[in-house]
Amino acid sequence: MIALSQGRTKELLAIHGWSGVLLGLLLYAVILTGVIAVFAHEIGEWSAPLPYAEHELPQQGLDAAMRARASEVDPAYVDDISFFSDTAGRIRTFFHTHGTKPGESTPTDRGVEFDLDPRTLAVLDRREGWADELHEQNLPAALADFFVELHVSLHLPNPWGLLVTGILGLAMMVASVTGFLVHRHLIRELFTLRKKKDPLLVKRDAHVIAGTWNLPFAFVLAFTGSYFSFAGAFSIPAVAMVAFGGDQEKLIETVVGVSVPENKTPAPFANLDAMLADAKARTGAVAGFVSISHYGRADAVVSLSMMPLEGELASDNLIYNGATGAFVQQKPFLGQTPSLGNDLFLLMTPLHFGHFAGIWSKAVWFALGFAGAYVTLTGMLLWTTRRQHQPGWAKLARAAHWMGYGLPLALAAVSLARFAAPLLDVDVRAAQYATFIGAALLATAIALKVRDLDALRRVLLAGTGIALLLAAPLRYLSGGPGWITAFDAGLATVIALDVALLLAGALCIAAARRAKPVTLPMNERLPEEASAA
Amino acid sequence: MTTLSVAASSSSRRRAWSRGLLAGPVCFITAAAVMAGASLWYPQGAAQINNIAVPIIVFPAIWAALFFYLMLDRKLGRAWLVAGVLLFAHAALIGQHLLAVQAAKSAAAPVTEGAAP
């Protein structure tokens with residue numbers, strides 16, 4: 001038990017409740033889409049699979065493929081080249097330079113992007129333009145991108161979207177810390193579920209159990225999430241302003257870059273395959289990201305970011321002289337020598353994304369994230385349902401039901417748009433946005449029309465269930481592989497996600513059929529409030 | 001309602017607004033100033049990057065610590081004072097640094113202009 005005075009407990013309980021109620025609707029959207037985004041790679045593979053499963057950069061043949069592509073793009077675009085394994089194993093190869101888009105002030109990238117087949121290295125797709133235009137043209141990543149961008153920025157323009165999600169992360173941190181402090185009997189509440197009591201007390205117990213078990217994880221996710229949002233939105237620009245006179249590129253060059261004296265003398269590029277083989281021999285790992293600066297010049301630099309070895313969270317970068325192929329140094333991701341800043345920086349990504357132990361850690365992150373979404377939703381429903389007879393609170397209770405059950409419906413509908421759009425010959429990304437907005441408007445209309453909140457819950461859950469049940473058949477009808485083909489090709493992700501969606505759809509339908517719970521009288525207090533009063 | 005209770009209610013409302021302002025926008029701006037200012041006083045370390053990376057990474061922790069203090073300190077005036085001192089100290093540090101950078105640029109400028117044809 002945490003010893004707090006009644007006054008303190010009351011204050012913390014008020015902060016806990018209000019932080020959730022004020023920002024809970026949006027926080028729920030960010031957490032739910034974050035849960036989905038944990039499986040962004042798998043969603044990419046499910047929605048746009050290749051005929052085989054391949055998730056690593058090939059160690060042979062990249063050199064020839066790079067030279068072939070470099071010879072056919074604008075020479076300005078070989079200033080910077082990168083490779084990494086992207087959606088369903090496609091090798092995303094970006095030949096680009098840096099510039100400022102007309103009418104904008106922030107520097108960005110412009111160039112040509114190729115999707116290469118990971119086995120044959122044949123060109124699967126070619127896109128050209130500014131970075132944001134390339135992003136819009138990337139069809140294989142469309143569905144995963146939709147969920148990830150909704151999670152990261154709520155599809156709001158930068159930096160506003162990042163600022164909003166950063167603030168939501170701070171609210172989640174406040175809710176988790178105060179949730180921890182207001183527990184009168186922390187250990188006992190980890191296991192208390194009074195099944196035979198009033199339905200609202202049962203719900204309150206379920207909220208507390210899920211929330212209590214989830215507290216450390218919620219704190220970690222909130223901390224790392226707000227770090228990621230604020231870093232891009234204003235932390236890096238602010239520090240760049242103070243320490244580097246506003247020059248963000250200089251900041252990144254200082255922190256990440258390798259200092260090489262400029263030398264524009266043309267020079268043949270060394271063999272990339274040999275560098276990849278050397279890096280593997282030195283570290284035992286394969287390269288996950290390849291970056292080449294100043295291709296075809298005497299000052300060319302190759303940076304290989306190695307995949308972490310089994311049991312490790314992070315790895316080093318290996319630097320090579322691009323003109324000679326000679327190994328230069330092995331360095332941390334940030335700075336030239338090990339540092340606290342680098343260690344903290346490398347911890348943030350695995351802690352937030354949960355991909356440090358493959359599918360198993362992702363499954364744990366998914367489960368804990370799902371519990372977080374459940375806690376947020378039940379917290380809002382408990383808070384508002386008990387006050388729904390008071391003016392104002394009834395509308396918030398309705399809004400909580402609308403968001404809680406309408407958002408899953410809109411998200412499920414997006415996957416239907418992803419597969420229906422090519423059949424109807426319409427732009428996939430535009431169709432996804434339109435469907436999401438359409439489904440959200442439909443949920444709004446239903447929320448305004450259906451007066452009874454439990455009936456509203458059941459209608460929206462049934463709609464979500466139907467959309468989820470339709471996703472797998474529609475994927476197949478739009479030209480995706482069937483289960484036998486997928487099994488033969490080793491595409492386990494395709495089958496696993498189909499089965500998961502069918503199960504989730506069936507569970508939603510079953511939940512929609514469940515009877516209406518009875519609510520507690522509005523003047524009856526929950527234990528924390530009773531003890532704090 | 002008596003004059004006394006109206007005055008008490010009005011004072012309580014003012015305190016609530018003051019607390020909200022302090023723990024909301026003032027807290028965020030102060031935390032941002034501490035983060036940006038820390039890049040000037042936090043040790044660089046052997047890798048020369050700790051003063052840049054660490055404040056950016058721990059910004060949510062700076063904000064959270066400040067938020068809970070400003071929200072829970074019973075003496076509202078003291079909370080305002082702490083936030084004010086932190087904000088102005090870091091703003092002054094940043095201002096002084098930027099002025100020094102500007103002065104260095106200005107000192108270098110006449111040489112460049114003189115060299116131009």
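Q: How many other C-beta atoms lie within 10 Å of A:Val73?
A: A welcome note first: this is a predicted model, where local features need pLDDT of at least 70, side-chain atom pairs count only at pLDDT 80 or more, and totals for chains, interfaces and linings use all residues. Residues are numbered from 1 along each chain as its sequence is written, while chains are lettered from A and ligands numbered from 1 in the order in which they are written. A residue is buried if 20 or more other C-beta atoms (placed from the backbone) lie within 10 Å of its own, exposed if 12 or fewer, and partly exposed in between. A:Val73 counts as partly exposed because its number of such atoms is 18.

Q: Which residues does A:Val73 touch, not counting residues up to four places away in sequence?
A: A:Val73 sits in the loop between helix H3 (62-70) and strand E1 (80-85) of chain A; helices (H or I, at least four residues) and strands (E, at least two) are DSSP runs, numbered from the N terminus. Two residues are in contact if their C-beta atoms, placed from the backbone, lie within 7 Å. Leaving out residues up to four places away, A:Val73 touches A:Val78, A:Phe95 and A:Val112.

Q: Is A:Val302 buried or exposed?
A: Start with its place, which is strand E6 (residues 301-306) of chain A. Apart from neighbours within four places in sequence, A:Val302 is in contact with A:Met275, A:Ile292, A:Tyr320 and A:Gly322. Because 27 other C-beta atoms lie within 10 Å, A:Val302 is buried.

Q: Where is A:Leu121, a residue other than glycine with a positive phi?
A: The phi of A:Leu121 is near 65°. This residue is buried, since it has 20 other C-beta atoms within 10 Å. Its place is the loop between strand E3 (107-116) and strand E4 (123-130) of chain A.

Q: How many of the 12 residues of H5(A) are buried?
A: Let's check the length of this helix first: the expected span is 1.5 Å times one less than the number of residues. For the 12 residues of H5(A) that gives 16 Å, and the end C-alpha atoms are 16 Å apart, so the two agree. Among the buried residues of H5(A) are A:Phe146, A:Phe147 and A:Leu150. H5(A) is largely enclosed by the rest of the structure, because its count of buried residues is 10.

Q: Which peptide bond is cis?
A: Look at the loop between helix H5 (142-153) and helix H6 (160-182) of chain A, where A:Pro159 lies. Omega is about 0°, and the cis bond joins A:Asn158 and A:Pro159.

Q: At roughly what angle do the axes of helix H2 and helix H17 of chain A cross?
A: Axes are lines fitted to C-alpha atoms, for helices over the stretch in contact, and angles run from 0 to 180 degrees between N-to-C directions. Angles under 35 degrees count as roughly parallel, over 145 as roughly antiparallel, 65 to 115 as roughly perpendicular and the rest as oblique. H2(A) and H17(A) are therefore roughly perpendicular, and A:Glu42, A:Glu45 and A:Trp46 in H2(A) meet A:Thr493, A:Val494 and A:Leu497 in H17(A). The axes come within 8 Å, and the crossing angle is roughly 100°.

Q: How many charged residues are on the side of chain B that touches chain A?
A: Chain B has 4 helices and 0 strands, and 27 of its residues are in contact with 32 residues of chain A. Helix H1 (3-41), helix H2 (50-57), helix H3 (59-72) and helix H4 (76-115) of chain B each supply at least two residues of that side. Ala, Val, Leu, Ile, Met, Phe, Trp, Tyr, Cys and Pro count as nonpolar, Asp, Glu, Lys and Arg as charged, and the others, Gly among them, as polar. By these classes the side has 22 nonpolar and 5 polar residues, and the charged ones number none.
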